[in-house]
Amino acid sequence: MDYIVKLAFVLLIFIYTWFFQAQNQEWDIQRSLLKDANNMAVHDAVQEINENEMADGRLIIDPISALKTFKETLENNLGLDDNLNPIDGSRLHSPVKIKKFVVLDEDSGITFPYLYEDAEYGITKYIAGPSVIAVIETTHPVLIVRNKVQTPIQVPAIQEYKYNQ
C-alpha cells in the first residue's frame, strides 16, 4: 500500500509539471505571435505619411490612418475581429488590448534624435526619426488554476524612419 501511495504522489507531481510546462510553452508561442504581429502592425502604421506634408519636405504620419492601419494589420495577423477579439481558428484565446499607441513626428514638437522614455512599459530608446510606438496586451494562458494570477503578456514595438545623413 505504501508503494501505491508513493507512486500516486510521483504521478501527480509528474502530471502537474507536464501541465506547467505546456502552459509556459503556450505563453511563449502567444508572446512570439504578439511580438511578430505588433512589429508588422507598427511597420505598416508608420507608412501612413501625409502626402501633402511630404511634398513640402516633412515626414508627418497621419495618426488616424496609422491607428486604422495598425488595427487592421493586427486583425489580419492574429485572427481578430473589429473589436480585437479572437475569431474561430485564431491561436489566441483572449482579446488583445492596445495599451499604448503613439505617433512621434515633426508635428509632435520634438527634434530628432530624441530619447523616448516610458517608465510604465519599460521602453527607453533613441529615436532617429518619425516613429510609431505601440504596446499590446493579452491575458496569460491558463491550463492550471493557481492562487497566483499571472501578469498579462505585454509586447512593445517601435518602428521609425531614419533620416539619411
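Q: Why is Lys68 called exposed?
A: In this predicted model, Lys68 has a relative accessible area of 54%. Exposed means over 50%, so Lys68 is exposed.

Q: Why does Glu72 count as partly exposed?
A: The relative accessibility of Glu72 is 35%. Buried means under 20% and exposed over 50%, with partly exposed in between. The value for Glu72 falls between these limits, so the residue counts as partly exposed.

Q: How do you know that Lys68 and Glu72 meet in a salt bridge?
A: Their side chains come to 3.1 Å, N to O. A salt bridge asks for a Lys or Arg side-chain nitrogen within 4 Å of a carboxyl oxygen of Asp or Glu, so this pair qualifies. Both residues lie in helix 3, 4 residues apart, which is about one turn of the helix.

Q: What makes Lys99 and Glu137 a salt bridge?
A: The closest N and O atoms of the two residues are 4.0 Å apart. The cut-off is within 4 Å, and the pair is counted as a salt bridge. Lys99 is in strand 1 and Glu137 in strand 4, so the pair ties together parts that are 38 residues apart in sequence.

Q: What makes Lys125 and Glu160 a link between distant parts of the chain?
A: Their side chains meet in a salt bridge, 2.9 Å from N to O. Lys125 belongs to strand 3 and Glu160 to strand 5, 35 residues apart. Glu160, at 14% relative accessibility, is under the 20% limit and so counts as buried. Lys125, at 30%, is partly exposed.

Q: How many salt bridges does the structure hold?
A: The structure holds 9. A network of salt bridges links Glu53, Arg58, Glu106 and Asp107.

Q: Why is Gln23 called buried?
A: Its relative accessible area is 2%. That is under 20%, so Gln23 is buried. Gln23 has its place in helix 1.

Q: Why is Leu11 called partly exposed?
A: Leu11, also a residue of helix 1, has a relative accessible area of 48%. This lies between 20% and 50%, so Leu11 is partly exposed. Together with Phe14, Ile15, Trp18 and Phe19, Leu11 makes a nonpolar surface patch of about 540 Å².

Q: Which residues have the most contacts inside the largest nonpolar core?
A: They are Leu34, Phe70, Leu78 and Val96, in a core of 24 residues. Helix 1 gives the most to this core, with 5 residues. Beyond its neighbours within four places in sequence, Leu34 touches residues including Leu78, Val96 and Ile136. Apart from this core lies another of 10 residues, among them Tyr116 and Ile123.

Q: How does the radius of gyration of the protein chain stand against that of a compact globule?
A: A compact globule of 165 residues would have a radius near 15 Å, whereas the protein chain has 21 Å. The C-alpha atoms fill a box of roughly 85 × 35 × 25 Å along the principal axes.

Note on methods:
Residues are numbered from 1 along each chain as its sequence is written. This is a predicted model: local features need pLDDT of at least 70, side-chain atom pairs count only at pLDDT 80 or more; totals for chains, interfaces and linings use all residues. Side-chain values use heavy atoms; hydrogens and water are left out. A nonpolar core is a set of buried Ala, Val, Leu, Ile, Met, Phe, Trp, Tyr and Cys residues joined through side-chain atoms within 4.5 Å. Buried means under 20% relative accessible area, exposed over 50%, partly exposed in between (1.4 Å probe, protein chains only). Helices (H or I, at least four residues) and strands (E, at least two) are DSSP runs, numbered from the N terminus. Contact means heavy atoms within 4.5 Å. Patches are made of residues with over 30% relative accessible area and no salt bridge: like charges are joined within 9 Å, nonpolar side chains (Val, Leu, Ile, Met, Phe, Trp, Tyr) within 5 Å. Accessible areas come from the Shrake-Rupley method with a 1.4 Å probe; for residues, only the protein chains shown count as cover. The radius of gyration is taken over C-alpha atoms; the globule rule is 2.2 Å times the number of residues to the power 0.38.
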